[in-house]
Amino acid sequence: MANGLTKILQDRLGLQLLDYDIPEHSNSIKYSLGGMTLSAFTILAVSGILLAQFFVPDPERANRSLHYLVDQVYLGWFLRGIHFWAAEVLTVTMTLHAIRVFFTASYKNPREINWLIGIGLMVLMVTLLFTGTVIKWDQEAYEALAHFLWVAEQMGVLGLPLTEEFAQGVPLLNRIYMAHISLLPILSLLMLGLHLFYVKYHKLSPLPQAPKKNKNIPFTQHMSYLRRAGAGVFLVICLLALTIAPPLGEEPVQGLEVTKPPWQFVWIFALENLWVPFLVVAPPLIILFLTAIPFIDQDKERHWKKRPLAMLVLIGFILLFAGLIIWGTITTMSHSM
């Protein structure tokens, strides 16, 4: 009877489409970082839907509504902690996933388009992190928005939709909140679906130095591995939420500049201290560099030992960002917006 029920479900739901073979090395942490990122994103989405029930996207009430959630709502502090730490974990797993893809040259023919989609997803995730920082509307949020508005002003007509003047009578904070809970998640889901489609279409990238005879496993076995990995990600997020409260200040004091951005953005704070226009120049240059990688590096070699220049670029990129993050953390502001 159980077999009959399984057959019925397979026929009705198309579950048999999941019954195909993939390389055995997919059941490893480094080749499951994308799945872990997806798990963190799912936790972010679910916790965000719950948080939206208590948040008031109005400059006069936004910060107070979060303090009410944390202080008065049963387990509200834990819910906000899960949302915050899911974003932190997603940042780490997403970065490691991108490093692994570069390290194993998985962006090369025929996977160039999926690399570009992945870069697009990274940009969307960073934008979600930024908008999530702003909508809590404390001093850190206010100063982050001030820097963003300065950049928008430098963009002229292109930056007009990102400013307060674009929609008179509608607080910019409200528009940022709507982008955070609707536009950006919708775009992310569309890009994510496309990303997963091309992973299925081009298949999981082989090991750079593959054995003569590849061992395969059923995809359903990999799904079980990803479920365990996702459970581990959720456990880590819960433990962090239980032990470390995410930052939340009081309502902002306009005209002051006394905070530093979260660590995901502190690297650009360091660059800004060197030259303020880096706020405008650095992000597009980095995106342009990342999108150009599969078109510049078209050599068929994929093993890291035979790609010394690519490894130097990777190490240099990691050291540069790590250095900027450390420098931005320990230095003080040299100017004011």
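**Close-up views of a predicted helical model**

**View 1. His83 and the residues around it.** Setting aside neighbours within four places in sequence, His83 touches Leu44, Ser47, Gly48, Leu51 and His180. This comes from a predicted model, and His83 itself sits in helix α4. Is His83 buried or exposed? With a relative accessibility of 19%, His83 falls under the 20% limit and so counts as buried. For a sense of scale, pick out Leu158 as well: His83 and Leu158 are 75 residues apart along the chain, and their C-alpha atoms are separated by 32 Å.

**View 2. Helix α2 and what covers it.** Helix α2 runs over residues 33-51, 19 residues in all. From its first C-alpha to its last it reaches 26 Å, close to the 27 Å expected at 1.5 Å a residue. Its buried residues are Leu33, Met36, Thr37, Ser39, Ala40, Phe41, Ile43, Leu44, Ser47 and Leu51.

**View 3. Where α4 packs on α8.** Two packed helices are described by the angle between their axes and the distance between the axes. For α4 and α8, the angle is about 125° and the axes are 8 Å apart. The two helices are therefore oblique to each other, and α4 passes α8 in a right-handed crossing. On the α4 side, look for Trp77, Phe78, Gly81, Ile82, Trp85, Ala86 and Val89. They meet Val233, Ile237, Cys238, Leu240, Ala241 and Leu242 in α8. Sorted by class, this contact has 12 nonpolar residues, 1 polar residue and no charged ones.

**View 4. Where α5 packs on α10.** Here the axes come within 9 Å and cross at roughly 165°. That makes α5 roughly antiparallel to α10, and α5 passes α10 in a right-handed crossing.

View 5. Helix α6 takes in residues 139-154, and its 16 residues should span 22 Å at 1.5 Å a residue. Its end C-alpha atoms are 23 Å apart, which agrees. Buried in α6 are Gln139, Glu140, Ala141, Tyr142, Glu143, Ala144, Leu145, His147, Val151 and Ala152. These buried residues pack against α5, α7, α9 and α10. Just after α6, keep an eye out for Gly156, which takes a positive phi of about 65°.

**View 6. His202 in α7.** Helix α7 is the place of His202. This histidine counts as buried, at 18% relative accessibility. Apart from neighbours within four places in sequence, His202 is in contact with Pro110 and Arg111.

**View 7. Trp275 in a loop.** Trp275 lies in the loop between α9 (266-274) and α10 (278-296). Its relative accessibility of 45% makes Trp275 partly exposed. Gly118 makes a handy reference point: Trp275 and Gly118 are 157 residues apart in sequence and 30 Å apart in space, C-alpha to C-alpha.

Terms used: Residues numbered from 1 in each chain as written. Predicted model: local features only at pLDDT ≥ 70, side-chain atom pairs only at ≥ 80, totals over all residues. Heavy atoms only, no water. Helix = DSSP H or I, 4+ residues; strand = E, 2+ residues; numbered from the N terminus. Expected span 1.5 Å × (residues − 1). Buried < 20%, exposed > 50% of the residue type's maximum accessible area, 1.4 Å probe, protein only. Axes fitted to C-alpha atoms, helices over the stretch in contact; angles between N-to-C directions. Parallel < 35°, antiparallel > 145°, perpendicular 65-115°, else oblique. Left-handed = near helix turned anticlockwise from the far one by under 90°. Contact = heavy atoms within 4.5 Å. Nonpolar A, V, L, I, M, F, W, Y, C, P; charged D, E, K, R; others polar.
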